[in-house]
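Please have the sequence and the model open side by side, and follow the chains as the text moves from one place to the next.

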Amino acid sequence: METLPLATTGGELSIWELFWQAGWVVKLVMIGLLGASIWTWAIIIDKTIAYGRMRSALNRFEQVFWSGQSLEELYRTLADRKTTGMSAIFVAAMREWKKSFEKGARTPMGLQMRIDKAMDLALSREMERLESRLGFLASVGSAGPFIGLFGTVIGIMTSFQAIAGSKSTSLAVVAPGIAEALLATAIGLLAAIPAVLAYNKLSADAGKISARMEGFADEFSAILSRQIDEKVGQKAA
Amino acid sequence: MKAGLSTSLVLHAALLAFGLFTLKAPSAHDVGDVQAIPIDMVSIEELTQLQQGDKKAPKAEKPAPTKTERPHTVPDAKTIGNNDVDLDDVPKPEASPRKIDTASAPKPEPAPKPEPKPVEAKPEPKPEPKPVEAKPEPAPQPPKVAEAPRPTPEPAPAPDPVAETIASAEETPAMEFPDELPKPVSRPEPPKREVAKAEEKKPQKPTQDKTASTDQDLESILDQAKALVTKEKPAGGGAKRSEQTASLGTDRPSSAQKLSASEMDALRQRLAQCWSIPAGVDDAELLKVSVRFRLDRSGELEARPEIIRGGASSGPGRTAAESAVRAVSKCAPFNLPADKYETWAEVVVNFDPSDMF
């Protein structure tokens with residue numbers, strides 16, 4: 001958008017000239033689509049980075065978790081940090097565990113349920129964060145061409161009205177208007193195509209991460225439930 | 001998110017800047033000079049009637065008129081050629097009297113022209129025209145001359161020749177035109193003396209003039225008059241004389257128009273509608289009849305159609321012939337193009353059941 005004021009060079013029919021000649025509706029559509037494209041790419045870049053980070057974080061956490069380190073110790077190191085992904089689930093579960101045992105849990109069944117709930121909550125929060133803004137990509141992907149087409153239709157309409165006014169059927173009269181109108185569709189496609197591709201890729205990635213975290217949550221839940229059983233058994237014995 | 005947004009902005013800015021410098025207006029589609037091709041709708045008739053020309057001529061871009069070696073003998077010289085003016089006149093050999101006159105004028109001296117014409121010569125013509133009965137030219141003049149012995153110079157030339165030739169004839173009376181002489185001599189005696197004087201001075205005039213003796217015939221005078229009117233030498237047929245090479249075509253003159261295929265079809269179809277084929281005839285050959293009929297300009301039959309082929313005096317043949325004649329008279333006013341009347345003034349139609357349908 002910042003570059004638009006530069007658009008004064010070029011020939012009679014360069015893209016810039018076409019943009020400036022367009023009517024305000026078409027201009028609005030083109031500017032909107034350009035903004036959508038910018039935002040789409042911002043999301044794509046952001047998400048790609050975020051997913052990459054998340055994946056490496058998951059790998060690191062799994063490594064640490066299965067390294068045989070004591071869970072208490074791990075919790076202590078993670079508790080005061082800002083946590084993401086699996087560590088967030090782990091921290092949520094451990095916090096619930098701790099709270100229950102500090103106050104003296106009555107029924108192991110209730111404790112198990114609470115821990116599961118806490119983990120589910122953490123998981124859904126994480127997923128929500130991961131998948132945020134992907135909806136915008138989907139919207140741009142599906143609506144972008146239509147918006148561009150709308151600009152084109154309006155542009156061609158006005159250009160035909162102008163032709164009717166000029167009472168000339170020469171192609172030289174018709175061509176510029178149609179070219180400028182088609183530019184709107186071009187920009188729409190330009191925004192929509194990367195958005196669709198990126199949406200498919202990112203949502204697949206998000207699904208994979210989500211499955212990995214769910215798997216971890218289930219595993220951790222199983223571990224905790226074993227521990228609860230053991231503790232209950234110790235108390236009973 | 002900030003990182004993503006700023007990166008995206010930078011990327012878009014870079015892309016737009018790149019476009020700014022590289023995506024100029026596409027170079028104009030250079031269309032070569034294309035000449036518009038005029039298209040005519042040509043009827044099949046025009047297509048079938050080839051242009052007149054020379055069959056062996058090379059194909060040329062420009063249709064050229066034919067070159068003929070003997071232009072005078074070609075009858076329709078008006079249609080082709082590059083003369084400015086087309087003349088109907090058939091070229092004629094020069095009038096013979098002139099030669100005779102030249103022969104009669106033996107005097108070689110170059111005469112002083114101005115003097116003789118105005119004064120002395122005029123008196124002579126006045127009397128003479130009267131005796132000469134046929135000439136239209138001299139007739140009007142006499143009155144004027146009678147009133148004033150010196151009339152305007154215009155009338156002079158016409159009578160002059162006559163007078164002079166007569167004078168010359170008088171000089172050498174016995175030689176060539178004895179029959180004419182008596183008349184002029186008889187009446188105007190007084191002028192003759194003047195003439196005699198004039199004669200000595202004017203030797204040439206007689207040579208140029210034909211009228212004196214033999215040209216009393218109306219024709220040559222009319223020719224002269226015509227030449228004056230048209231201001232053209234009466235030699236026609238020059239239009240055919242062309243320096244351009246002949247165009248490719250047929251030798252046949254194409255002046256005769258033909259009925260186009262569609263017009264002939266229309267005529268045939270009409271006749272087929274009017275024709276009720278006699279039923280119950282085994283042999284279709286019996287039904288084949290050729291009928292000839294003449295039409296006037298309005299398309300009406302001029303006479304009863306006549307059978308020129310087929311038919312018979314009795315039996316199915318007769319029925320067929322009658323049906324054909326009936327068909328023609330039933331259709332009678334034929335609607336045919338009037339400008340091609342020559343082609344359909346006489347029509348021969350073959351009535352054949354296998355053809356008509």
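**A walk through two chains**

Arg133(A) lies in the loop between α5 and α6 of chain A, where helices (H or I, at least four residues) and strands (E, at least two) are DSSP runs, numbered from the N terminus. The model is a predicted one, in which local features need pLDDT of at least 70 and side-chain atom pairs count only at pLDDT 80 or more, whereas totals for chains, interfaces and linings use all residues. Residues are numbered from 1 along each chain as its sequence is written, chains are lettered from A and ligands numbered from 1 in the order in which they are written, and side-chain values use heavy atoms, with hydrogens and water left out.

Most residues other than glycine have a negative phi. At 37% relative accessibility, Arg133(A) counts as partly exposed; on this scale, buried means under 20% relative accessible area, exposed means over 50%, and partly exposed is what falls in between, with a 1.4 Å probe and protein chains only.

Chain A as a whole has seven helices and zero strands, and from the N terminus on its elements therefore read α-α-α-α-α-α-α. Of its 237 residues, 41% count as buried. Among the contacts (heavy atoms within 4.5 Å) in chain A between residues at least 6 apart in sequence, 79% join residues at least 24 apart.

What lies inside this arrangement of helices? The largest nonpolar core has 39 residues, of which Phe65(A), Phe90(A), Met213(A) and Phe220(A) touch the most other members; a nonpolar core is a set of buried Ala, Val, Leu, Ile, Met, Phe, Trp, Tyr and Cys residues joined through side-chain atoms within 4.5 Å. At least two residues of this core come from each of α2 (24-65), α3 (71-79), α4 (85-103), α5 (108-131), α6 (134-166) and α7 (171-236) of chain A, and α7(A) gives the most, with eleven residues. In soluble globular proteins, nonpolar side chains tend to be buried together. Phe65(A), not counting residues up to four places away in sequence, touches Leu71(A), Leu74(A), Phe90(A), Phe216(A), Phe220(A) and Ile223(A).

Phe65(A) also takes part in the packing of α2(A) on α4(A). The axes of these two helices come within 7 Å and cross at roughly 50°, where axes are lines fitted to C-alpha atoms, for helices over the stretch in contact, and angles run from 0 to 180 degrees between N-to-C directions. α2(A) and α4(A) are therefore oblique to each other, given that angles under 35 degrees count as roughly parallel, over 145 as roughly antiparallel, 65 to 115 as roughly perpendicular and the rest as oblique. On the α2(A) side the contact is made by Met54(A), Leu58(A), Phe61(A), Glu62(A) and Phe65(A), and on the α4(A) side by Gly85(A), Met86(A), Ser87(A) and Phe90(A).

Helix α4 of chain A also holds Phe101(A), which is partly exposed, with a relative accessible area of 25%. Phe101(A) touches Leu111(A) and Lys231(A), not counting residues up to four places away in sequence, and the C-alpha atoms of Phe101(A) and Leu111(A), ten residues apart along the chain, are separated by 9.0 Å.

Helix α2(A) also meets the other chain: its axis and that of helix α1 (residues 2-22) of chain B come within 7 Å and cross at roughly 130°, which makes α2(A) oblique to α1(B). Among the residues making this contact are Trp39(A), Trp41(A) and Ile45(A) of α2(A), and Leu5(B), Leu9(B) and His12(B) of α1(B).

The secondary structure of chain B comes to 13 helices and three strands, and buried residues make up 35% of its 357 residues.

How many disulfides does a search of the whole structure find? There is one over all chains, a disulfide being a pair of cysteine sulfur atoms within 2.5 Å, and it joins Cys274(B) to Cys331(B), with an S to S distance of 1.8 Å. Cys274(B) lies in helix α10 (residues 261-274) of chain B and Cys331(B) in the loop between α11 (315-330) and α12 (341-344) of chain B, so the pair ties together parts that are 57 residues apart in sequence. The torsion about the S-S bond is about 110°, so the disulfide is right-handed. Cys274(B) counts as buried at 13% relative accessibility, and Cys331(B) counts as buried at 0%.
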